[in-house]
Amino acid sequence: MNRPLSTSGSQLQLKNRMSLGQSVRQSLTMAYRGLLKIKRTPEQLFDVTFQPIIFTLMFTYIFGGAISGSVKGYLPIIIPGILVQTVITTSIVTGVQLREDMDKGVFDRFRSLPIARIAPLAGALLADTVRYTIATVLTLAMGYILGYRPDGGFDHVVIAAILVIVCSWAMSWIFAFFGVIARTASSVQGISMLILFPLTFVSNSFVPVKTMPDWLQWFVHVNPISHLVTAVRQLANHGTIGSDFAISLIGAAIIVAIFAPLTVRAYMRRT
Amino acid sequence: MDRVLRSVPDGYDWAIEARGLVKIFGDNRAVDGVNLNVRAGTIYGVLGPNGAGKTTTIKMLATLLRPDGGSARIFGHDVVKEAQIVRQLIGVTGQYASVDETLSAMENLVIFSRLLGLGRKEARRKASELLEEFGLTEAAKRPLKHFSGGMRRRLDLAASLIAQPPLIFLDEPTTGLDPRTRAQMWDTIRRLVKTGSTVLLTTQYLDEADQLADRIAVIDRGRVIAEGTADELKASVGTSSLQLRVQNQGDIETARQMVERMLKVRAIVSPEAGKITAPIADADRVADLLITLREAGIRLAEMSVQKPTLDEVFLTITGHGVEDDAKKASHAPDGVEAM
Ligand SMILES: Nc1ncnc2c1ncn2[C@@H]1O[C@H](COP(=O)(O)OP(=O)(O)OP(=O)(O)O)[C@@H](O)[C@H]1O
Ligand SMILES: [Mg+2]
């Protein structure tokens, strides 16, 4: 072996803990790996490409006339709703793919490397923000094509888009948790859908809350998705940042604070 | 030797010290009290049939699985309490490809290098260096999907060497390789040890352990049933062994009893081949045995005397053939006293 003996790999400093800086760097490397994988298998972007297009068309024309009398009048209500629903649904795929990825031998190597335990997870989740961005841009573009002209202006729409992406990233920790503890990828899909369906539909995403029975209204009001949708509407349609914006971000932080450690622990225990 | 001394506590003799390792899956004691001592700078072979617990043992030593009992130290560091330190001292090449299928060889190595703390440039340099060394430069950019089994195996090994770890685990490094590629892999492993690394490898190929390993542990059903140098193991079986094939399959059991009575050793029958194998402790008795067989009317189809191979060692110690299913051999004696 004519390997030089003086590369940094041989100057090991034996430590039992990773520093924060190292953890962040390793997570970014894992995210880079995720991006490369997306680049190699673009077909896995199928869902984030077509779902926004089809959902926007479907919901706008199915509900538009019935609820607001006209499609154009419905757009400011529905586009933020669809945006939140579509992008959050996309985050399920994160859990499913994590499960598939973890079943492969390469994860054994990641586990055997002296890297932060959170890096493979955080990296995968970080790379998936690309998917959310694609879904966000496509939904907004579809809205624009259908005639949606948000009054909040471009800058507020961008803030709204970032808010949705951040919240979806936070939600994806929940699905990542299922991804880590589930036995098969399809069961991850099943459980996640079961949680997400009531969350996204029993909200103010698609229909005015007033039309629902009281007990359902109560749920709609506590549902974090409703707050997110309201925050997006306020930003995009009025250019205002209100309490719902803060509630959404706090909610996202709480989800990450609970599910990131849970997921990492489950990830370490698996095996 | 340089790098080993730098990354390992000074003068630490033992790369691996495992005491009573246990791993239980459900009610299956996959590893059932394994003890291993591996001296730094040597090649250690773990030999055993399918399902013996080789992979499970390696996974516990490599911090991938938490032991249910016992303890293990890598260069003096506990695999459970100091897992992150242990990970800095080892490289693992798993039984199944532990590289990323969708990425190219170059990308794989760069990512692992970056994770290990190399800078962008350094990572590329290290990756090219390893690709060159393992003869993969030409295929560096191709996705692994189109790699042959041998190329994949080499890349896998290359990925374990990025940090130049003082201890390398190789789980069945040559399974599925053609004889030429296998010989190349053997050379690579030998060179690794020359640079000061310690290697623990598992194998089902007895000649592989014989060729490569300084010491060998034979494990079966989660237990170490024999340990020593290849020569010691062979010596424990007797100098040579006698192989007999009877013409009439019906006679095989009677013949076995005669062999055991006459040679005063345990004989092993492999029914598929209709073959009886027994160690020859005293060559003089073989003549008596042949006469007795003739007198009993048992006709032989073939007779040969063989120098012991590790195959025989295995057969003798475990009491069942390598290919034997564990269940089929459940009647076999414990075999430990054969040592
Ligand atoms: N994750 C697991 N869950 C349940 N049982 C397992 C698991 N991993 C291994 N086993 C069982 O543990 C036993 C030992 O398996 P192991 O993979 O360690 O054997 P091995 O010696 O590596 O065999 P092989 O030569 O086939 O690779 C087997 O009976 C296997 O079925
Ligand atoms: Mg195995």
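Me: How many residues does helix α10 of chain B have, and what span does it reach from its first C-alpha to its last?
Reply: This is a predicted model, and in it helix α10 of chain B runs over residues 252-263, which makes twelve residues. At 1.5 Å a residue a span of 16 Å is expected, and the helix comes close to that, reaching from its first C-alpha to its last 16 Å.

Me: Why do the buried residues of α10(B) lie on the same side?
Reply: The buried residues of this helix are B:Ile252, B:Ala255, B:Arg256, B:Met258, B:Val259, B:Met262 and B:Leu263. They are on the same side of α10(B) because the arc that they cover around the axis is only 165 degrees.

Me: Which protein residues are donors of the magnesium ion, ligand 2?
Reply: The protein donors lie 1.8 to 2.1 Å from the ion, and they are OG1 of B:Thr55 and OE1 of B:Gln95. B:Thr55 belongs to helix α2 and B:Gln95 to the loop between β6 and α4 of chain B, so parts that are 40 residues apart in sequence are tied together by the pair. The names asked for are therefore B:Thr55 and B:Gln95.

Me: Is B:Thr55 buried or partly exposed?
Reply: Buried would require a relative accessible area under 20%. B:Thr55 has a relative accessibility of 22%, and therefore it counts as partly exposed.

How values were computed. Residues numbered from 1 in each chain as written. Chains lettered and ligands numbered in written order. Predicted model: local features only at pLDDT ≥ 70, side-chain atom pairs only at ≥ 80, totals over all residues. Heavy atoms only, no water. Helix = DSSP H or I, 4+ residues; strand = E, 2+ residues; numbered from the N terminus. Expected span 1.5 Å × (residues − 1). Buried < 20%, exposed > 50% of the residue type's maximum accessible area, 1.4 Å probe, protein only. Arc of directions from axis to C-beta. Donors = N, O, S within 2.8 Å, 3.2 Å for Na, K, Ca; no water.
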